[in-house]
Amino acid sequence: MLPGVYQAKKKDGTIYYRSSITYQGKHISLGSYATEAGAHQAYLAATTLLDSAAMDEDAYSSYSGVLSFDKIVTLINFRDNHMYIPTPIYLRKNYFSYYLDPSTELKFDIDDLFYYSSHRILRRQGHLYVNDYGMQVTILSRYGIKNHAVCGRDFLFVNGDETDFRYSNIQVINPYYGVLRYEKNGKIRYRVKIHINGDFTVGSYREEIRAAVAYNKAADLAKQAGIQKNFPQNYIEELSGSAYADIYTSIKIAKRYLEFLETIKKSNMSTISG
């Protein structure tokens, strides 16, 4: 076998070749190849990359034919920072870069290094997520941002860079379902809407927490009226059970919304009696 190559066999008996390299005492798998020559080329490319003196901006274009992009980033990071990370991460001073592709660099705080070292970021239709315990979890959820959230309305990238996911750059504006912050006459207010065959206004409130409770109450009333829908719930950790109950009992709900629910109730009762 050529250097860095060993032969393997699939379950159906097909022969293929695996390539690997040992660097700084670490055995690194480079990938699988159909031919011995292809596996050897991967070994030679990795050797050249690891022996180069500095970060090679053209590394991907130079070695993409034989090494995956993720593997190129992993090797360069290991060479420069002496830490082997299986995902395409490059360590920088006080933060790290996660490369989705040669032109997409995501930036994260060092606090998130352990998580993204073991969770690969995927992209589908512009959404970034990881597979966590068999579920697709958006990376925005780590900041308390809901799946339905809209950038510019519910949260902001402070410096305008939508690839910068460092905590200081994420500003959450609307952390609760159905709650929209707005300004009126120089004062901040919170409008609550619930979606039932269109948006219904539940009310407008001076405090964000009261608005979150109002949404929960509106969802409960909808279920009591017979509307079969899985409404999300707002969880408000800072409220005790009794404080939540006090707000829930006293919070006012828009008359028009209550009237709509009443028509739903009557319609359901008429259907049952008929």
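Reader: Over how many bridges do β5 and β6 pair?

Author: This is a predicted model, in which local features need pLDDT of at least 70 and side-chain atom pairs count only at pLDDT 80 or more, while totals for chains, interfaces and linings use all residues. Residues are numbered from 1 along each chain as its sequence is written, and side-chain values use heavy atoms, with hydrogens and water left out. Strands are DSSP runs of E with at least two residues, helices are runs of H or I with at least four, both numbered from the N terminus, and two strands pair if DSSP finds at least two bridges between them. A hairpin joins β5 to β6 through two residues, Tyr-98 stands opposite Leu-106 in β6, and the antiparallel pairing of β5 and β6 runs over six bridges.

Reader: Which residue of β5 is the bridge partner of Leu-91?

Author: Strand β4 (residues 89-92) runs antiparallel to β5 and is joined to it by four bridges. The two strands form a hairpin with two residues between them, and Asn-94 in the turn has a positive phi of about 70 degrees. Within β5, the residue that bridges to Leu-91 is Phe-96.

Reader: How many residues of β5 are buried?

Author: Buried means under 20% relative accessible area and exposed means over 50%, with partly exposed in between, using a 1.4 Å probe and protein chains only. Tyr-99 is buried, with a relative accessible area of 12%. For β5, which is mostly covered, the count of buried residues is seven of seven.

Reader: Why does the pair of Phe-69 and Tyr-99 count as edge-to-face?

Author: Rings of Phe, Tyr and Trp (its six-membered ring) pair if their centres lie within 6.5 Å, and planes under 30 degrees apart count as stacked, over 60 as edge-to-face and the rest as tilted. By this rule the count comes to 15 aromatic pairs. The ring centres of Phe-69 and Tyr-99 are 6.3 Å apart, and the pair is edge-to-face because the planes stand at 80 degrees.

Reader: How many residues apart are Phe-69 and Tyr-99, and where does each lie?

Author: Phe-69 is buried, with a relative accessible area of 13%. Phe-69 lies in helix α3 (residues 69-81) and Tyr-99 in strand β5 (residues 95-101), so that the pair links distant parts of the chain, 30 residues apart.

Reader: What kind of pair do the rings of Phe-96 and Phe-108 make?

Author: Phe-96 in strand β5 and Phe-108 in strand β6 (residues 104-109) are 12 residues apart, and both are buried. Ring pairs link these two residues into a cluster with others, including Tyr-115, Tyr-143 and Tyr-167. The centres of the Phe-96 and Phe-108 rings lie 5.5 Å apart with the planes at 20 degrees, so the pair is stacked.

Reader: Over which ring does the charged end of Arg-142 sit?

Author: A charge sits over a ring if NZ of Lys or CZ of Arg is within 6 Å of the ring centre and within 35 degrees of the ring normal. The charged end of Lys-217 sits in this way over the ring of Tyr-248, 5.6 Å from its centre. For Arg-142, the charged end is 3.9 Å from the centre of the ring of Tyr-115.

Reader: Which side chain makes a polar contact of 2.9 Å with that of Asp-112?

Author: Asp-112 is in the loop between β6 and α4 (113-118), and it is buried, with a relative accessible area of 2%. Not counting residues up to four places away in sequence, Asp-112 touches Phe-96, Arg-142, Tyr-143 and Tyr-167, where contact means heavy atoms within 4.5 Å. A polar contact is a pair of N or O atoms within 3.5 Å; within protein, one must be able to donate a hydrogen and the other to accept it, and residues adjacent in sequence count only if both atoms are side-chain atoms. The side chain that joins Asp-112 at 2.9 Å is that of Tyr-167.
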